[in-house]
Amino acid sequence: MICVTLETLTFDRLLLIEFHPLFSGGAAPLVESISVLKGAPMKPTTRSLLASGALTAVAALALTACGGSTAPAESTSSPAQESEAAASSATLTVWVDANRAPVLTEAAKSFEESSGVAVDLVTKDFSKIQEDFLRQVPTGKGPDITIGAHDWLGNLVNNGVVQPVELGETAGDFQQVAVDAMSYDGKSYGVPYSTENLALLRNTDLAPEAPADYEQMIAAGEESGAEFPFLVQVSETGDPFHLYPFQASFGAPVFGTDANGAYNAADLALGNAGGLEFASWLAEQGEEGNLRTSIDADIAKEKFVSGDSPFLITGPWNVEAAQEAGIELAIDPIPSAGGEPAQPFVGVQGFFVSSKTENLLAATEFLTNYIGTEQVQTKLYEVGNRPPANNAAFEAAKDDETIAAFGEVGENGVPMPNVPEMAAVWEFWGVAEADIISGKADPAERWEQMAGDIEAAIGK
Amino acid sequence: MTMTTRQAPGAKHTARQRTAERFARQAGTGAGALLAKIALLAVLDATAVFAVFTALVRDSILIAVVTGVLTLVINVVYFKRGWLPAKYLIPGTVFLLVFQVFVIGYTGYIAFTNYGSGHNSDKDDAVMSLLQATQQRVPDSAGVPARILADGDDLALLVEREGQLLWGTSESPLAPADPAELEGYTELGFADLLARQQEVTSLRVALSEDPAEGSLRTTDGRTAYPYTSTLIWDEAADTMTDTSTGTVYSDTGVGAFTAANGQQLMPGWSINVGFDNFTRAVSDPSIRTSLLSVTAWTFIFAFLSVATSFFLGLFLAIVFNDQRMRGRKIYRVLSILPYAFPAFLGGLVWAGMLNRDFGFVNQMLFGGTSIPWLTDPWLAKFSVLWVNLWLGFPYMFLVCTGALQSIPEELSEAAKLDGAGPLAIFRLIKLPLLLVSVAPLLISSFAFNFNNFNVIYMLTEGGPRLETSGLNVGATDILISMVYKVAFVGAQRDYGLASAFSIIIFVVVAIIGIISFKQTKALEDLN
């Protein structure tokens, strides 16, 4: 599947790519999510039809249990249990993508039974949700709750379409990185359900040992005799999302962080000395042919799947294709190029509450006591194949080696910045990287120009 | 449509015609046709009534009125005898109004607003959202178990803190609960909470007389948390005050609460900005330079696309029209093939074939060189034109073949007798006659290519990006793809500016259309 970088995709382009014979190798994957926000890198995934089919049965078994088990420990009993009279006419409208709709149907049914609140699930294309939500909430016709990605948050808050959600005591049930990602300006705006991040996929036939650093990886790659020592998608417009771990290993995060670990948009760290080192490293690697702008997501995946490279830096969405091709996979941390840990960005998916909902109480109840629970999160994990945000569900999901390995890499990652200023960064970041890799521009000069452009765009 | 449609209006009626008409009337308009008419109009009316009610329920008076009036007009026109032209024109006119006039009007309206990121709703929404977002839970505060009590319309919050029962309402701050005071209050069950959830979730009970200490609020009806709020909305003064810094933000008419130092609170709201978007398009240097270069390229692209595909199509049409050529049918079918290929798919396939390191073109045709077909500004322009030629020539080929075949052979034969060579015949006889029928198509083809979003976006996405431009535009961007990028790409969506660009495009295309159709009138005189 493609991972089209930055500079947008139109809906129809997206649609086409999915069906495009030239680009889909083997099983046709589905683009599952796109951060529409200034072409933040999208996270395509493959999904197993089998899993979604089998799921309904499992979900039915498990969800019967999730009604009353989560009342707060305090004196009041769960109101959900008290209400037998389903007198309320409240209906919660929830936007959800097609993959997750079957799981939520079960959760919605059990919520409906215990609370009397009807849940109307509206299936939408994930890639269109942000745009539609931004436009429809102000008209009053938007949903009460929507599924979404955490990096939309800055934009959603800036447009006043979401409101804070009180996770209360349940905040401790989630992975810290997920809760942080769903927070903006110190307030939590949603209930996370899964995380995803990049890692290093290794073909163990070609490279039996996990590389300790970048040099070792290249050496092992060259030794293996494969066409490419390692693969990462770059594409003509650059792919800063996939290159970020290397950048981080040079000590050049995008933004500095404040005392609470929240990103501080005023402190652009991209252009620091580490960033310049990273830029010259990019130029070097481009010259040696280790990084190529002509390698886009499809080509990277295809070449790895066909055994032309022992290493591929990618996310969980490409695991299935590699396994289907019979490749013996190991999932390792991304090797450091600059000495410091190569931290990938962690993307978090979750649910947001509309600022104009008339059903805040029902929405909060549904999110914190149904969606946030281990049972539902486990179900969501089974269709999405991403590490669940709920700690207990995550522990349980670790039985799957792939999930455990990706999760482990993700635990050392950093949340992808969700501040709206990030959009300005995406706009200039990738093109500059592509220019440097392809040797079109002097690395230091181009990198400094980029940092200047970003600063100017943020300051506007 | 009934018998009236069979009548030629204004015809002089001879006796014979009248008889014929009577027969026609009897044959064509039985009760069946009338019933069908009534049934169709009934369905339409029922739908319209439903639509009017829905619109009224949602307070959309304008939509209700427009729907009502349109339905009334349709009914009158179709039930009235005569008025034949109106019967024909009404459906088209309605669709024209809905799909063209309304859309253009709405785009025009948006062009005069600052609708876009951070300004996507009205002021009430912005105020509401700001006040919602300013609710900050007191750091590290613990939640307290809470119950909601009600006495008629009054709500009270009963909480248990450190073993002590406390209560309060929106007027009275939290105080120890006295059973006597609680008399008359009943506890709300979950169903009651749901029924009154807006009241419940907006209930705030101050922790003490000092508002700075914050207030208790519950969003689930079970646990209350202390919140503080740093923004205070003064409705009378129309200001927002940040209590933590003391900054006063007021509505200065820019569509957001703005502090004296120019700092704005987001979200703002959408306002009418007059001609701002248009003046920005021409006065903001970064926008103006991109707009100018993109406009120039749009004209070049549209003109060259039409010219190249027309001449290639014409050339092939002439060649394949020659009786002496063998296998003409096969050639014709082959040349029409690209036409059967959807343009966006064609763009994507070509994008793959033109990939620098892995594409078919470089690998197979150029022996593995790395020609940057899509990433060098000039080559990208060439590639876009090339692919558009590939997509566009079959259409021109078809059109020219048809037009050529309709030119009587006698004309060329007569010319031949007069001693004209083949080139002269083509230049002086065939081409002018051809242009009579093809010129309007060339104009519409120009207008189409002027807005040919598919080819550009599928092939290069407008890239490679122009380094010097302040807007996100590239070397192959045409106006329409630039509008798309301004409106739908990036975080700073600016629907207002994009609409202003759209209006500019509309005007340009309209002017070109008018001028060129006037010109083609001259060609028609040839006939």
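**Briefing: strands, cores and domains of chains A and B**

Leu200(A) stands opposite Asp332(A) in strand E14 of chain A. The model is predicted, so local features need pLDDT of at least 70 and side-chain atom pairs count only at pLDDT 80 or more, while totals for chains, interfaces and linings use all residues. Residues are numbered from 1 along each chain as its sequence is written, and chains are lettered from A and ligands numbered from 1 in the order in which they are written.

**Chain A overall**

- Chain A contains 18 helices and 16 strands; these are DSSP runs numbered from the N terminus, with helices (H or I) of at least four residues and strands (E) of at least two.
- Of the 460 residues in chain A, 62% are buried, a term that requires 20 or more other C-beta atoms within 10 Å of the residue's own, with C-beta atoms placed from the backbone.
- Among contacts in chain A with a separation of 6 or more, 76% are between residues 24 or more positions apart; a contact requires C-beta atoms, placed from the backbone, to lie within 7 Å.

**Sheet in chain A**

- Four strands form an open sheet in the order E10-E13-E9-E14 (chain A), with mixed pairing; two strands pair if DSSP finds at least two bridges between them.
- Strands E10 (231-232) and E14 (329-332) of chain A are at the edges and have a single partner strand each, so one side of each lacks a neighbour in the sheet.
- Strand E9 (residues 199-203) of chain A runs antiparallel to E14(A), and four bridges join them.

**Nonpolar cores**

- The largest nonpolar core has 163 residues, and those touching the most other members are Leu92(A), Ala199(A), Leu231(A), Phe366(A), Ile371(A) and Leu157(B).
- Such a core is a set of buried Ala, Val, Leu, Ile, Met, Phe, Trp, Tyr and Cys residues joined through C-beta atoms within 7 Å.
- Beyond its neighbours within four places in sequence, Ala199(A) has contacts that include Ile331(A), Asp332(A), Ala405(A) and Phe406(A).
- A second, separate core of 53 residues includes Phe344(B), Leu348(B), Phe397(B) and Leu466(B).

**Chain B**

- An automatic or database assignment supplies the domain bounds: domain 1 (19-111), domain 2 (123-265) and domain 3 (284-526).
- The centres of domain 1 and domain 2 of chain B, taken over C-alpha atoms, are separated by 52 Å.
- Antiparallel strands E3 (residues 154-161) and E4 (residues 164-169) of chain B are joined by six bridges, and Val159(B) has Leu166(B) as its bridge partner.
- Two residues lie between E3(B) and E4(B) in their hairpin, where Glu162(B) takes a positive phi near 50°.
- E4(B) also forms a hairpin with E5(B), with five residues between them, and Trp167(B) has Ala175(B) as its bridge partner.

Conventions:
Buried ≥ 20, exposed ≤ 12 C-beta atoms within 10 Å, placed from the backbone. Contact = placed C-beta atoms within 7 Å.
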